[in-house]
Amino acid sequence: METWRQFRSALVGLMRDGGVTPGQMVKAAAVPPRAPAGRDVPSFPAIRRSTLYGYLKENDERVGNGDWQVIDNLLRCIAFVAEANGRRLTIDYGSWQSAWQRLVDQKAARRPSIPAGCWIGSWDGQADAVLAQSSAQEFTDWPPGQSRLDLLSQAVARLGSAYEPQLAKEAAQRLVDGATAELGEASAKTLAARHALAFWTGHSGSVRDALSLTSSLRADCRAHLGDDHVLSRLAALREALWTGYTGRWHEANRLYVEAARTEANRADRDPGTWLLARWGMARSGGRKGNWTHAYVELGELLPSVTEHFGPDHPASLDAGHAYAWSAGRAGRSQEASALLAGLADQADSVLGPAHPASLRLRISLAHWTRVAGEVDRSLPMAAAINRQCEMLLGRDHHLTIHAAEVEALCLLESDQDTALTALSDVAARTELSFGVTHPQTLQAASNHAAARAVIEGPEPVLPVFKDLAQRMSQALGDEHPDTLRIRMNVVVATLDTKGARAAQRLCEQTVASLRRVLGDDHPETLAGRELLATIATWTRPASTPKKQRPEPSSWSDSGYSSSSDPGGGSASDRALKCRITPVSWPSGPETTLHVPIPPGDDPNPTLTQPDGFAILQAIASMPVSRWSYRGEEHVQHLGPMAQDWHAAFGLGPDDRSIHLVDVNGVSMVAVQALYRMVQGLQSEVSELRARFNHAAPAETDRDLPADSPPGAPHP
């Protein structure tokens, strides 16, 4: 085994000889087998599915994290399962360890990293990751006699370290002009200076200009230096990067695929460049709409990126950031929030709180904390990072605009008027920065429209949603998640203004697309299916004459969706609900229950104000049983039947299921009712005790003999 590819092939062959499949290993990791008498079971839980499949892929990446015990445990697990299959393996663990260690030691042959103060891409993980693997020392040292260029390169480095993108861009422009005059347009130094200029142009907010500069730079690098030069390869990655930031994620994905394939076919393939290209493929694939696939792919790549660049490298932090976003977009908002909290603290410690990676992480943390339902925590976080971005970067920088949008969405919970004004301002600034057709501009406009629909009513906003859905479809495609989110807003607005029948067909089409793109278990798919079921309930044929069925509807069981980023989430909970009717509390718990069941033929059910004490009474009289689902007779549950629940409360779309939201609400009302009853009883007891204490002394004095002293005991 002279290469990692051969080592991986030997692992696959070992499993084949033992009749061991990856599925068996994953199953054993989830449910470890019992140890036979006199035998120890290796640590199956230590084997992760993504890690195992990563080890079995045919490539030249290193196997393991540098600890032989991990590989030793894997080999012993394979042997254990093989023996269970009746195929006992004889494994020479010493030979395997020697081969593995020899391959690990080859890592020392890697070229050292460039100095931390290198001016080209000093804060750009993708730039210095590529240059770190090259021997192009001309990028770090200028020839003697060119001190002015040397000082300018140091100025770019220091301004980049302080994250002053506009000043770094201006210094880079002077560096380009000086290098062109002294060294010529074909010099590698001049082309490297142009790399710095394009990079800081993009980080100054001029993404389209950065793409134009990078595209022409790539052509010049290939013409003057050749396709194999590190600057040509870096330009290919940068062109894909800025293409994505202009909103053309399909094209960006194609460019990343092209870069990855080109690098894979090189005899001198650079591991860093190849990893970054593969990472870009997965990330841009998520931006195209396939976030579930991106979540799996990024999760499998993340250990390799962290191992190659180091856990504190900007490239690794950016990789962790992208993985957290993919988790959130795949429906795992709490996981995303937890991942981002750790990454934000790490970035603050390693890079400093003013570093763009740190700022981006803090903005994302505020966003996903809000999406996870913790609005009280997310609002101060969003306000603080918005102030910090505005102070460091200026009001019109794209990170500042993003932070302002997250803060505005958090404000929807507590101050709708201020939030609406802020979202209008964000939409205008986004359009000015990115252009009218950029997906982020359309998202900002959609967020503003969603807030307007909640606060002002859906009728004036319905044509806005329809226009945005068409424009987003042209920008990203008919079935991109962001397009589908706006189409669901069209459904809700149509339902609220024209009735269930008018909204049903579009809702069916949109939910079908959500199921194909996001899967049945994604929160947005579940919300869409629940809304569709409710619409179907109100449009169900019945005996009621059609002329008695009111057509316009002011009801909606679903809020308007919003997003604070091209990969966003959902909007504020309170702000996106409608027809909110508070629970009433009559003078006492004697009231009987009056919660009507909405008739199946009425698209506009009339919901009376719920009575808290009556809800408690309904709970007390509701039958509760122990039961099992058909096909799962071995699993027992305890609870009411859905039919009894629906008959008592009239909650949910039908009488075939009980929604957890309704269970939580009914339980909370019941607790409040019991609290009020206990408070009433305590008041009554206190009143009776006071009356008793007031009357007792007089009665005692009447019973005592005339010569008894006051307070004497009874005879």
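Biologist: Which side-chain atom lies 3.3 Å from the backbone oxygen of cysteine 389?

Modeller: First, the idea: a polar contact is a pair of N or O atoms within 3.5 Å, where, within protein, one must be able to donate a hydrogen and the other to accept it, and residues adjacent in sequence count only if both atoms are side-chain atoms. Here, a polar atom of the threonine 400 side chain sits 3.3 Å from that backbone oxygen of cysteine 389. Keep in mind that this is a predicted model, where local features need pLDDT of at least 70, side-chain atom pairs count only at pLDDT 80 or more, and totals for chains, interfaces and linings use all residues. Residues are numbered from 1 along each chain as its sequence is written, and side-chain values use heavy atoms, with hydrogens and water left out.

Biologist: Is threonine 400 buried or exposed?

Modeller: Buried means under 20% relative accessible area, exposed over 50%, partly exposed in between (1.4 Å probe, protein chains only). Threonine 400 counts as buried because its relative accessibility is 0%.

Biologist: What is threonine 400 in contact with, leaving aside its neighbours within four places in sequence?

Modeller: Contact means heavy atoms within 4.5 Å. For threonine 400, the partners include Asn386, Leu393 and Arg429.

Biologist: And which residues are buried in helix α2?

Modeller: Helices are DSSP runs (H or I, at least four residues), numbered from the N terminus. In α2, residues 22-30, the buried ones are Met25, Ala28 and Ala29. They lie on the same side of α2 because they cover an arc of only 105° around the axis, taken from the directions from the helix axis to the C-beta atoms. Exposed Lys27 and Ala30 are on the face turned away from that buried side.

Technical notes
Helices (H or I, at least four residues) and strands (E, at least two) are DSSP runs, numbered from the N terminus.
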